[in-house]
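Here is a short briefing to read with the model open beside you.

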Amino acid sequence: ETDNIGGYQIKGGVGYNISETLNAFVNAGYVSKVPIFDAVINDRDGTVATDPENEKFTSFEGGLVYTSMGGRFMATLNGYYTTWTDRTLSIGVVQEDGSEGFVFVTGMAQNHKGIELEGEWRPIDEIGINFAGSVNDWVYTKNVSGTYKDYENPDSEVDYNYYVKDLKVGDAPQTQLVLGATLYPFKGFRFQLLSKYYADYFADWDPFTRTADDEGQVWEVPAFNVFDLHASYQL
């Protein structure tokens, strides 16, 4: 499939019924897409990145779907492996002297892989036990270059090398565990309490702390729990 602005995608998948209760599936895909505008155009002064390449994604996924007890128990287990190359970023930065600017980064590459599990058990019609979890490994796979531009002096440009290889991808927990219960007291009403455990949660990297090699891993947020309470009524 090809779009009208220079991108294309090739995707395919297959499923197989192993038994009445167990299904298997495999998916694969290759996507080439233009970067989003926020990555190549700076909103503050309209500066545009120079000749950004299409971003490329290669993904593989496979898993099992198990259903039993007349549909009262359902669980899905899958594993995935994804590479993301030639990513373009626009990062706003504030220098130690208070001056502001932004960095255009090109050629970013990441590798994402992991295992995911989710499901629900309905012992009776009015109660559902929910569970989910994922263990992931998301990492930058190469060092990149970027151009810094100062807002006060937009005509000046300084090129930097950013040493991000082997850094963990930040801003999302890479280990997640969820356990909860859902009540269905009457038709249309749903009440749910979830306990979520997050770990392996790394900070985003700051461009001006990665201009030298051997800077070490970025800061890791301590593991923590979050409780979510949901209630809804469908009209």
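Are Tyr-140 and Trp-205 buried or exposed? Both Tyr-140 and Trp-205 are buried, where buried means under 20% relative accessible area, exposed over 50%, and partly exposed in between (1.4 Å probe, protein chains only). Please keep in mind that this is a predicted model, in which local features need pLDDT of at least 70, side-chain atom pairs count only at pLDDT 80 or more, and totals for chains, interfaces and linings use all residues. Residues are numbered from 1 along each chain as its sequence is written, and side-chain values use heavy atoms, with hydrogens and water left out.

**Aromatic pairs**

- The whole structure holds 14 aromatic pairs; rings of Phe, Tyr and Trp (its six-membered ring) pair if their centres lie within 6.5 Å, and planes under 30 degrees apart count as stacked, over 60 as edge-to-face and the rest as tilted.
- Tyr-140 and Trp-205 make an edge-to-face pair, because their ring centres are 6.4 Å apart and their planes stand at 90 degrees.
- Tyr-140 belongs to strand β6 (residues 127–140) and Trp-205 to the loop between β10 (189–202) and β11 (220–221), so this pair ties together parts that are 65 residues apart in sequence.
- The rings of Tyr-160 and Tyr-162 count as tilted, because their planes are at 35 degrees, with the centres 6.1 Å apart.
- Tyr-160 is partly exposed at a relative accessible area of 25%, whereas Tyr-162 is buried at 0%.
- Ring pairs join Tyr-140, Tyr-148, Tyr-160, Tyr-162, Trp-205 and Phe-208 into a cluster.
- Arg-122 lies over the face of Tyr-184, 4.1 Å from the ring centre; a charge sits over a ring if NZ of Lys or CZ of Arg is within 6 Å of the ring centre and within 35 degrees of the ring normal.

**The largest pocket**

- The largest pocket has a volume of about 230 Å³.
- On a 1 Å grid over the protein atoms alone, a pocket is an open set of points where a 1.4 Å probe fits, with protein on both sides within 12 Å along at least five of seven lines; lining residues have an atom within 4 Å of a point.
- Grid points are joined across faces, edges and corners, and the volume is the space filled by probe spheres set on the points.
- Its lining includes Trp-84, Arg-87, His-112 and Asp-204, along with Tyr-140 and Trp-205.
- β4 gives the largest share of the lining, 5 residues, and β4 and β5 each supply at least two.
- The lining divides into 6 nonpolar, 4 polar and 2 charged residues; Ala, Val, Leu, Ile, Met, Phe, Trp, Tyr, Cys and Pro count as nonpolar, Asp, Glu, Lys and Arg as charged, and the others, Gly among them, as polar.

- Strands here are DSSP runs (E, at least two residues), numbered from the N terminus, and two strands pair if DSSP finds at least two bridges between them.
- Strand β3 (residues 55–68) pairs with strand β4 (residues 73–94) in the antiparallel sense over 13 bridges, and Tyr-66 has Ala-75 in β4 as its bridge partner.
- The hairpin of β3 and β4 has 4 residues between the strands, and Met-69 in the turn shows a positive phi of about 55 degrees.
- β4 also runs antiparallel to strand β5 (residues 100–124), joined by 19 bridges, with Gly-92 opposite Phe-102 in β5.
- The β4 and β5 hairpin has 5 residues between its strands, and Gly-98 there takes a positive phi near 95 degrees.
- Glu-55, in strand β3, is buried with a relative accessible area of 5%.
- The C-alpha atoms of Glu-55 and Trp-84 are separated by 7.2 Å, although the two residues are 29 apart along the chain.

**Strands β1 and β2**

- β1 and strand β2 (residues 22–33) run antiparallel, joined by 10 bridges, and Val-14 has Val-26 in β2 as its bridge partner.
- These two strands form a hairpin with 4 residues between them.

- Most residues other than glycine have a negative phi.
- Asp-86, in strand β4, has a positive phi near 60 degrees.
- Asp-171 has a positive phi of about 75 degrees, sits in the loop between β8 (157–162) and β9 (173–183), and counts as exposed at 54% relative accessibility.
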